[in-house]
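Welcome to a short tour of one protein model. Have a look at the sequence and the 3D view, and then we will visit a few of its details together.

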Amino acid sequence: MKSADSAMRLLPGVGACLIAVFLATLLSGVFTTLPTLTLAVVIGIVAGQLPGFRSLLDGVLEPGIRFASVTVMRVGIVLLGLQLSLGDIGALGLPAVVGVVVLVVASFFVTWWIGRMLRLPGREPLLVAAGFSICGASAIGAMASATRSGPREQATPIALVTLCGTLAIAVLPALRAPLGLSVEQFGFWVGAGVHDVGQVVATAQTAGAAALAIAVVVKLTRVLMLAPLVSIAALMTRREESRTAADPVVTAPLRAPAPENGEGASEPIGSLPVVPLFVVGFIAAALVNSFVVVPGPVMIAAEQVQLVALTAALFALGTSVRVLELLRTGWRALVVGLGSWAFIAIGALALARGVGGG
């Protein structure tokens with residue numbers, strides 16, 4: 001009976017997310033340069049600013065919205081692993097793979113350091129670093145889930161990664177000719193430098209199928225770094241929370257403020273797994289796709305479910321963004337976001353010229 005009541009409480013919020021999925025899909029057919037996932041975040045941000053809808057978000061829609069932003073997000077990330085193939089990644093060549101891994105790690109820690117230096121609150125530096133260096137809003141959701149970061153902490157990173165990723169769709173194609181990049185080099189640059197998978201596709205397709213193919217493989221190589229970086233962050237968070245419990249005067253570099261509305265308060269300190277279960281699922285899905293011949297209809301169905309799950313989850317995360325608060329207090333975050341974007345773009349360009357072919 002309790003499970004039935006819990007399911008009924010989820011229905012309004014989940015229903016709102018599904019309506020947003022339909023809207024984002026519809027709009028992506030009209031605005032063909034904007035990816036569905038980016039549109040879902042934008043719809044969520046716009047909805048979150050409407051006074052009447054905000055009262056619903058804090059009321060009847062709240063359980064389902066929270067469910068979508070956490071559980072549904074994890075499902076989408078696990079299924080994202082099915083797009084990875086170790087064979088495709090290996091085909092890039094060892095120098096390219098090593099270069100991409102080094103760029104991801106360097107951009108992650110540089111962004112995190114800049115965020116801490118500019119005193120972004122809570123775990124925002126960690127979430128911005130994950131979003132910009134790995135795979136956009138999906139990485140933010142994964143990192144937040146692994147470190148128990150609340151919706152408020154995710155709002156600014158999601159807004160930043162959406163803004164910069166959308167700018168990349170317009171800026172990078174315009175720079176291709178002035179920079180003298182070949183089709184292969186441009187595809188490599190896009191895959192190594194643009195945040196979200198959908199944004200990569202939208203940007204790279206402007207140079208044709210060859211650029212798109214390279215961009216997707218390079219991007220998915222970056223996505224593979226989600227597993228180790230999220231696991232390391234979960235381990236560090238677990239250790240810092242344990243230290244804080246033992247010595248309350250310790251200042252934890254990954255520590256966040258107490259969860260709002262009691263969210264996450266029921267979990268005892270140290271309860272975070274070293275490797276979150278959904279990360280294990282993500283790795284397992286990638287291994288399946290690498291060593292097992294998955295039937296075409298199964299892959300197509302999994303891809304569709306993954307797209308719906310991530311679209312719904314990103315709409316849910318977008319609703320937590322408060323634009324007025326961001327405008328009042330977000331200049332530091334904007335500096336971090338633009339600084340990280342520039343660092344990654346320059347590093348990716350150097351990598352593309354060095355090992356990107358052409």
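Let us begin with Glu62, which is partly exposed at a relative accessible area of 29%. Here buried means under 20% relative accessible area, exposed means over 50%, and partly exposed is in between, with a 1.4 Å probe and protein chains only. Before going further, note that this is a predicted model, in which local features need pLDDT of at least 70 and side-chain atom pairs count only at pLDDT 80 or more, while totals for chains, interfaces and linings use all residues. Residues are numbered from 1 along each chain as its sequence is written, and side-chain values use heavy atoms, leaving out hydrogens and water.

Which residue forms a salt bridge with Glu62? The partner is Arg66, and the closest N and O atoms are 2.2 Å apart. A salt bridge is a side-chain nitrogen of Lys or Arg within 4 Å of a carboxyl oxygen of Asp or Glu. Side chains of opposite charge can pair when their charged atoms come close. Arg66 is also partly exposed, at 33% relative accessibility. Both residues lie in helix 4 (residues 62–80), four residues apart, or about one turn of the helix. Helices (H or I, at least four residues) are DSSP runs numbered from the N terminus. Searching the whole structure finds one salt bridge.

## Rings that meet

How many aromatic pairs does a search of the whole structure find? There are four. One of them joins Phe108 and Phe109 edge-to-face, at 5.2 Å centre to centre and with 80 degrees between the planes. Rings of Phe, Tyr and Trp (its six-membered ring) pair if their centres lie within 6.5 Å; planes under 30 degrees apart count as stacked, over 60 as edge-to-face and the rest as tilted. Phe109 also pairs with Trp112, and this pair is tilted: 5.8 Å centre to centre, with 40 degrees between the planes.

Phe109 and Trp112 are about one helical turn apart because they are three residues apart in helix 6 (residues 94–117). Ring pairs link Phe108, Phe109 and Trp112 into a cluster.

## Two loop residues with positive phi

Most residues other than glycine have a negative phi. Arg119, however, has a positive phi near 60 degrees. Arg119 sits in the loop between helix 6 and helix 7 and is exposed, with a relative accessible area of 72%.

Arg148 has a positive phi too, of about 55 degrees, although it is not a glycine. Its place is the loop between helix 7 and helix 8 (151–179).

## Contact along the chain

Val183 is part of helix 9 (residues 183–193) and is partly exposed, with a relative accessible area of 24%. Although Val183 and Ala207 are 24 residues apart along the chain, their C-alpha atoms are separated by 6.4 Å.
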